[in-house]
Structures are given as C-alpha cells and as structure tokens.
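Hi,

Here is the structure I promised to send over. Have a look at it first, and my notes follow below.

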Amino acid sequence: MRVALEARHLVKHYPGVVAVNDVSFAVEEGTCFGLLGPNGAGKTTTVEIIEGVTPATSGEVLYFGEPAGRRFREEAGIQFQNTALQDFLTVGETLEMFQKLYDRRADLDAIIEECSLGDLLDRDNRKLSGGQRQRLFLAVALVNRPRLVFLDEPTTGLDPQARRNFWELVQKIQGHGTTIVLTTHYMDEAHVLCNEIAIMDEGRIMTQGAPDALLKQRYAGMIIELPVADVTGDLDGIDHRVIENLGVVEIVSDDVARSISALSPEVTDLNHIKIRQPNLEDLFLDLTGHSLRA
Amino acid sequence: MLGRIYAIFAARNREFMRDRGTLSWNIVLPVALMFGLSFVFSGEGRDQYTVGVLQETETLDTSAHPFLETRFIEFVVLTDEDKAFEKVERHQLDLLVSFGEEGGRYWINPDSPKGYFAERILKQADTEAGGLIEQAEITGDAIRYVDWVLPGILGMNMMFSCLFGVGYVVVRYRKNGFLKRLRATPLRPIEFIAAQIGSRMTLIMAISIFVYTGTHLILDTRMEGSYLTLLVIAAVGAVSLISMGLVVAARVTSEELAGGLLNMINWPMMLLSGVWFSLEGAGPLAQSAAKIFPLTHILDAARAVMLDGATFVDVMPSLLTLAGMSAVFLFLGARFFRWHPE
C-alpha cells in the first residue's frame with residue numbers, strides 16, 4: 001500500500017509555546033489515521049501545518065512522495081474544526097461555489113445524498129443545526145472528489161445520535177478508498193473509525209499504531225474499576241492506579257477472579273465493581289498521566 | 001481560473017444583494033442626501049465664505065475697501081480674470097470682487113446660496129464706505145450647486161461602499177474563518193482579490209448609474225461631456241478605492257480596528273477631496289494633502305467632464321494617477337495579504 005501522506009519532523013513555535021514538537025508520521029492510502037489527544041495537545045496545529053494553512057517553523061510534508069503543493073490542494077478535502085461559510089448563501093449555493101474552486105469535481109448529487117442534505121439545499125447556511133452544519137462542512141470537503149480528507153474534530157458538540165450518524169458517513173467515505181486523517185479527543189470515535197492512531201500530548205506523539213495492537217501491547221487482561229470511596233483497606237499489594245477526578249481505582253488483571261478475591265477484604269461493597277475491556281482512554285491515561293475527561 | 005473567480009464573484013454578489021440593510025443603505029443614503037441638499041439647502045457648513053479678489057498684484061490690499069477687512073471671510077487673490085469667473089461659476093468662490101480707483105465691481109453666481117449671503121455682507125460694507133461698488137454681469141452659464149455637488153455625493157457613496165464593502169468584509173471573513181476555509185482550496189490570493197474587486201465594482205457601478213440616472217432625470221443636472229468618459233472615471237476610481245480598502249484588510253483581524261482605520265481614511269478624504277465644498281479657500285498644505293486621496297482625482301475628473309465638457313484626453317492625468325494609486329495599493333494588498341490570523 002502506498003504512503004499517501006507523510007509528516008516529517010514538524011515543529012511549530014509560538015511565542016513562549018512549542019505547539020508541535022518534532023512530529024512525524026505516515027498515512028497509508030485508503031486508511032483512516034487518527035490523531036488523538038486532549039484539547040491543546042497540538043493536533044489541530046499539526047493538521048493545519050499539513051493542510052498548508054499554517055506555516056511550520058520547520059519540517060516538511062509529503063503528499064504521495066512529493067512536497068505538498070498545488071496538487072495536494074486540488075486533491076485534498078478539508079473539514080476544519082472552526083470555520084464559517086459565506087452569509088446569505090443556501091446550502092446548495094455553498095456547495096456549488098466550493099465545487100467551482102476545483103478543477104477536480106465530484107458528482108454533487110451523490111454528495112448531497114450521501115451527506116443527507118437533500119432537504120436542506122434551499123436553507124440559509126446560518127439556519128442549520130449543529131449536526132446539519134457538520135454534514136455540510138463534510139460535503140464541502142468532498143466536492144473535489146478528494147483522495148485525502150482531513151476531519152478536524154468533526155463530532156465535537158454533536159449529540160450521541162448525530163455522532164454515530166457521522167461515523168457511518170465517514171465509514172462510507174473510507175469505503176470509497178479515500179484516505180482520512182481524523183483528529184479527535186473522543187477515544188471511542190478513534191477506536192471505531194481509525195486503522196491507525198497517534199496519541200499526542202503537549203505537542204509530541206506519545207505512541208502510534210493500530211488501536212487494538214496498541215491496547216494488546218499495553219494491557220494483558222481486563223480492567224477492574226471500583227469507587228475510591230469503597231476502598232477501606234490497603235491496596236499496596238495490588239498493582240493499581242487512582243484516578244482522582246473520576247473518583248475511581250483501576251486494576252489491570254489477567255485473572256479477574258483472583259484479583260477480585262484479593263480485593264474483597266479491602267473494599268466495602270463488591271457490587272460496585274465494574275469489569276471492562278481496556279480502551280484508548282486508559283492507554284492515554286497511562287501514557288500522559290492525566291485523563292482526557294479532566 | 002476564470003471559473004474560480006466567477007464562483008467567488010457570484011457568491012459575493014448574492015451575499016450583498018440579500019443583505020437588505022446594506023443594500024438599502026447604499027441606495028437610500030446618496031438619494032436622500034441629494035434631494036435633501038437640492039431642496040432644503042440650509043447653508044449649514046462652514047461659517048466662512050470664500051471671496052476672490054481680482055487684482056493685478058499677488059498681495060491683498062485690505063485698504064482698498066472696508067469689505068476686505070471683514071472677519072470670517074477667506075479672501076483669495078486672483079490675477080487671471082477668466083479663471084476667476086470660472087471659479088464663481090463652479091461654486092469654488094462665493095463671490096468675486098475687484099476694487100480700483102474708480103470704484104469696484106463684483107460678480108456672483110445667482111444659484112449660489114453662500115454667494116447670496118456674501119453679497120449681503122459686501123453691500124452692507126459698501127454702504128458704510130459710501131456706495132462704491134456695483135454688480136457686473138458674469139459671462140457663461142452659472143452652475144447650480146446641485147450640479148456641482150452631484151459628483152461629490154456619488155463619489156462619497158462610492159468611497160464608503162468600496163472601502164467598507166471590501167475592507168470590512170474581508171476582515172470579517174478572516175475573523176470568522178471563512179478565508180481560512182478558502183485557503184484550503186486551490187484559490188490563490190490574487191484570484192480572491194480579483195473576485196472581490198469585480199464584485200464590488202459591478203455593484204457600485206450599478207448603484208451609481210441608478211442614482212445618477214434618477215437624479216439627472218428628476219433634477220436635470222448638467223452633463224457637458226461624454227457619459228463613456230464619466231463611466232471610465234467611475235470604474236478606474238472604484239478600482240483605486242477598492243484597492244485602498246484591500247490594503248487595510250490585508251492583515252487586520254479585528255472588525256473594530258478595521259472600522260477605525262477605514263474611518264481614519266474616509267473622513268479626511270471626504271473633507272479634503274471636495275465632496276461638499278471647494279477647497280479654494282483652504283491653505284496650500286490642505287490642498288496638497290488632498291492630492292494623496294483617490295477621491296480628489298475622481299471628483300476633479302468627474303466635475304471636469306460633467307461641468308466643463310472635458311474629454312477623455314483632458315482627464316487622462318487624473319486617470320493615470322488613479323491607475324498608479326491602484327497599482328500601488330494592489331501590490332501592497334497582495335503582498336501583505338494573510339488568509340487567517342496566526
């Protein structure tokens with residue numbers, strides 16, 4: 001599989017802040033690559049450097065092996081995290097306007113159908129709900145039949161149903177062979193959509209790989225979770241961690257029955273214990289020492 | 001490339017046409033000003049008159065007549081009789097006087113409200129001096145104030161529309177992230193700028209033609225020259241004003257700052273470019289300063305065509321100056337243009 005996109009040693013300095021600190025990764029064609037991290041981790045800056053809208057302090061971006069330039073702009077579709085559209089235009093007019101900016105054009109009717117915008121074509125851009133607006137932003141990112149699509153926190157602010165609908169849409173796009181670069185601070189979203197992820201914090205990539213492989217590599221078992229308030233005894237003999245802001249204690253165990261037996265003398269109520277699969281949020285917590293949900 | 005320019009051009013036109021408040025403001029303001037000034041001219045403005053003194057020497061001899069010692073009147077010495085008459089006709093002077101050993105004469109534009117009051121002051125002073133002065137006939141057509149002020153009002157409307165309609169809007173686009181969104185497309189800065197200029201020019205030309213035609217039909221305003229020449233002046237002038245707006249908009253990210261900067265340009269330009277009154281009585285510094293503004297050259301050329309029948313060749317220096325200004329502004333605007341704030 002060919003490498004569609006490669007970021008090499010990207011660095012971005014702002015006065016007093018290193019927003020991106022030597023970030024490198026490669027994205028294979030047709031895959032979904034997720035850049036994960038909490039707000040302020042440097043995801044958006046990294047992606048905007050790659051998109052060419054923010055200049056890097058140093059480093060380079062290659063698109064199919066060549067420095068990203070005119071061809072990249074023609075073939076990339078971008079959905080920004082924060083953006084605006086021209087006032088007083090309808091959804092249909094907005095799509096037409098953006099489509100005319102490209103030599104490479106998609107079938108607009110197909111995009112409208114795929115993004116479920118058919119009933120909204122005559123509606124003023126400013127009168128769309130959050131979910132409708134995100135679908136329009138995605139449609140705008142698709143008007144040039146892109147080979148590579150950037151989705152920057154596309155589901156932030158959406159309700160759970162709208163988020164799941166959006167995921168389905170992204171999966172459909174990926175199904176056409178389009179390469180996707182997704183930034184998100186929702187670990188579940190990344191797990192569902194991404195073939196490969198990179199977790200960022202404080203401008204650096206902490207780890208990178210396929211989500212399941214990273215979890216298997218890190219965790220040999222299940223996670224037992226119990227409220228801190230229920231712990232009355234001493235857990236020194238058990239490998240555990242306390243997540244202060246959530247008020248829980250977590251124990252990674254490859255033998256759940258044995259671990260619960262060991263725990264039972266130390267807690268007041270075993271009924272409050274939860275047993276679950278480790279997820280990317282656990283991985284993030286282990287890597288950075290702080291929770292995404294903080 | 002043309003397709004991309006057209007896409008932005010058409011979208012901007014739609015945005016403008018559907019923003020009814022702005023559209024109405026662009027049409028109602030100049031019309032209201034025009035008719036207000038035509039029918040209810042109040043004489044409000046400067047509390048000072050400009051009176052030309054026709055004499056052979058360059059230095060004003062205030063002892064020639066008590067009128068020349070009147071306060072709050074700017075006396076301008078003129079040695080060329082033909083030019084002096086022309087200035088009276090074109091409302092550049094409220095009154096023209098000449099004093100000699102045998103008495104004195106004065107010339108007035110009968111359509112000049114300020115001339116009327118200046119005449120009253122002159123007669124009062126003359127009565128006290130023993131009745132030395134008499135009115136003389138002015139040759140040629142006297143020009144009504146409405147004829148003189150029409151180019152000023154159209155130019156002022158063009159100035160506000162071009163500077164705010166481009167400068168302010170581009171800053172808003174930058175602030176709300178729309179420019180950043182466009183940056184992510186193959187659109188080049190020069191294409192974006194060309195589309196903005198094209199859109200605003202089309203709109204302002206259409207509005208100016210509409211307002212001019214209506215005013216001309218109703219008030220029978222004077223037009224001595226070619227409509228085509230006037231159209232060229234308006235088009236070249238609009239480009240220079242839009243380009244000026246683009247310089248302000250090149251990097252600014254705050255609408256408030258953009259508004260302040262644009263006002264800082266608008267108001268001196270409006271006051272010094274001769275929109276409402278001639279700068280004949282102003283000092284040489286103010287008259288020189290006025291030359292840095294595109295509006296001064298637009299109005300000079302437009303008045304020359306409308307009032308004096310100047311030809312395309314006659315107004316060529318003004319057109320070249322405007323073209324030169326446009327080139328400089330466009331270079332600066334494109335050179336410093338930034339799609340989005342760092």
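I'll start with helix H10 of chain A: its buried residues are covered by, among others, strands S3 (32-36), S9 (196-201) and S11 (222-227) and helices H7 (187-193) and H8 (211-218) of chain A. Keep in mind that this is a predicted model. The helix itself spans residues 280-288, and the buried ones in it are A:Leu280, A:Asp282, A:Leu283, A:Phe284 and A:Leu285.

On domains, the assignment for chain A gives domain 1 as 3-215 and domain 2 as 220-277. Going by C-alpha atoms, the centres of those two domains of chain A are 39 Å apart.

Next, the contact between the chains. Chain A puts in 21 residues and chain B 20 residues. On the chain A side, helix H2 (70-75) and helix H3 (91-99) each supply at least two residues. Sorted by class, that side has eleven nonpolar, three polar and seven charged residues.

Last, a residue in chain B: B:Val166, which sits in helix H5 (residues 145-176). Why does B:Val166 count as buried? Because it has 28 C-beta neighbours inside 10 Å, and the cut-off is 20 or more. Setting aside neighbours within four places in sequence, B:Val166 is in contact with B:Gln196, B:Arg200, B:Ile242, B:Gly245, B:Leu246 and B:Ala249. As for B:Ala327, 161 residues away along the chain, its C-alpha atom is 17 Å from that of B:Val166.

Cheers

Methods
Residues are numbered from 1 along each chain as its sequence is written. Chains are lettered from A and ligands numbered from 1 in the order in which they are written. This is a predicted model: local features need pLDDT of at least 70, side-chain atom pairs count only at pLDDT 80 or more; totals for chains, interfaces and linings use all residues. A residue is buried if 20 or more other C-beta atoms lie within 10 Å of its own, exposed if 12 or fewer, and partly exposed in between; C-beta atoms are placed from the backbone. Helices (H or I, at least four residues) and strands (E, at least two) are DSSP runs, numbered from the N terminus. Two residues are in contact if their C-beta atoms, placed from the backbone, lie within 7 Å. Domain bounds come from an automatic or database domain assignment. Ala, Val, Leu, Ile, Met, Phe, Trp, Tyr, Cys and Pro count as nonpolar, Asp, Glu, Lys and Arg as charged, and the others, Gly among them, as polar.
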